[in-house]
Amino acid sequence: MKTPSIVRRTERMRLLLPLLFCAATVVADGQMIEADVSVNSEQLSLDQQDDVAGFASEIERYLEQTDWYDGGEWLGSPIRIAVDVFFTGGRPDGSLSAQLVFVSQRDVHRSGEVSPIMRINDDAWDFVVRRSQVLRQTTAVYDKITGLLDFYVYIAIGIDLDTYGFLAGSDVYSKAQSIARRGELETSSGRARGWGRDGGGAGGFSRYNLINELTNSRYDPIRRWILDYHYNGLDRRAEFPERSLDSIVGYLDDLVRIKNNLVAGSTLIRMINDAKHLEFADLFRGYADPTIRNKLLFLDPTHQSVYEKARDGR
């Protein structure tokens, strides 16, 4: 089945959500990404801190000005992406090690609110930064800085598309998958970290598993859930608050069944929980059904304390 292109996202939204793109939210120049980048370099030497002094603004420029798709114009509100880079040290060869926190959000229809759709904590990032370095996208070879940024941007775009149409992000995920394949070769040769099938970072997070699940039809039920939860759930809350919450409860049941049917743990479900746990807690704060807590804990035992407070109405 042919998947919709990125441009088709805006066509679908203009037909089905005609009021979503009011004048206040449309970006005149078709900007696709709205980036907010911060850098913490306290663990670096003074010379290294000088080298990365403009790194945050350069990443921000790169994310907002790079053409992330071929042709067409992005007519909807931009995808909000927050990037936090925590430098953890330097190496004798001049390379720096960093932890990357990558978060993306999308608008919730008619609510004035945003919903986090992706949160990644990746601590296996090594690269060299030159003072006043200009970042440029390259598809011919793997770049240690832009390669990882591109990988997560394409996933963020794909997930955003998936919230508006079933499997709508497939074409974009294929671009992320190509980057992951080049990265895996770099990792196997010892020139990079984090692209191996075992992950390579703390906490067992795996870039390989994430893109594999997003491109494997076995995990299509999770992508169906992403569409239902956002498009048929959250986007209806402003107009139909009670009915939409009932629908979201049903979608929570769907996710429980999906996880229960999986043989192994899912990196994609882990990413959903990392992005959504505060939103889940807020949606079900003081909710009358006592089984909701048990469902949330089954899906996401890591954030038990958050759900306990929500159950008690705190």
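Biologist: Which residue just after α5 takes a positive phi?
Modeller: This is a predicted model. Look just past the end of α5, where the phi is about 85°. The residue there is Gly190.

Biologist: How far apart are the end C-alpha atoms of helix α5?
Modeller: Helix α5 covers residues 170–188, 19 residues in total. At 1.5 Å a residue, the helix should span 27 Å. The model agrees, because the end C-alpha atoms of α5 are apart by 27 Å.

Biologist: What arc do the buried residues of α5 cover around the axis?
Modeller: The buried residues are Val172, Tyr173, Ala176, Ile179, Ala180, Gly183 and Glu186. They sit on the same side of α5, because their arc around the axis is only 120°.

Biologist: Which exposed residues does the face of α5 turned away from its buried side carry?
Modeller: Exposed means over 50% relative accessible area. On the face turned away from the buried side, the exposed residues are Arg181, Leu185 and Ser188.

Biologist: Is Arg223 buried or exposed?
Modeller: Arg223 lies in helix α7, residues 220–231. Its contacts include Tyr173, Leu167 and Asp162. The Arg223 side chain also reaches the backbone oxygen of Leu167 at 3.4 Å. The relative accessible area of Arg223 is 3%, and the cut-off is under 20%, so Arg223 is buried.

Note on methods
Residues numbered from 1 in each chain as written. Predicted model: local features only at pLDDT ≥ 70, side-chain atom pairs only at ≥ 80, totals over all residues. Heavy atoms only, no water. Helix = DSSP H or I, 4+ residues; strand = E, 2+ residues; numbered from the N terminus. Expected span 1.5 Å × (residues − 1). Buried < 20%, exposed > 50% of the residue type's maximum accessible area, 1.4 Å probe, protein only. Arc of directions from axis to C-beta. Polar contact = N/O pair within 3.5 Å; in protein donor to acceptor, adjacent residues only side chain to side chain. Contact = heavy atoms within 4.5 Å. Lists of a residue's contacts leave out its neighbours within four places in sequence.
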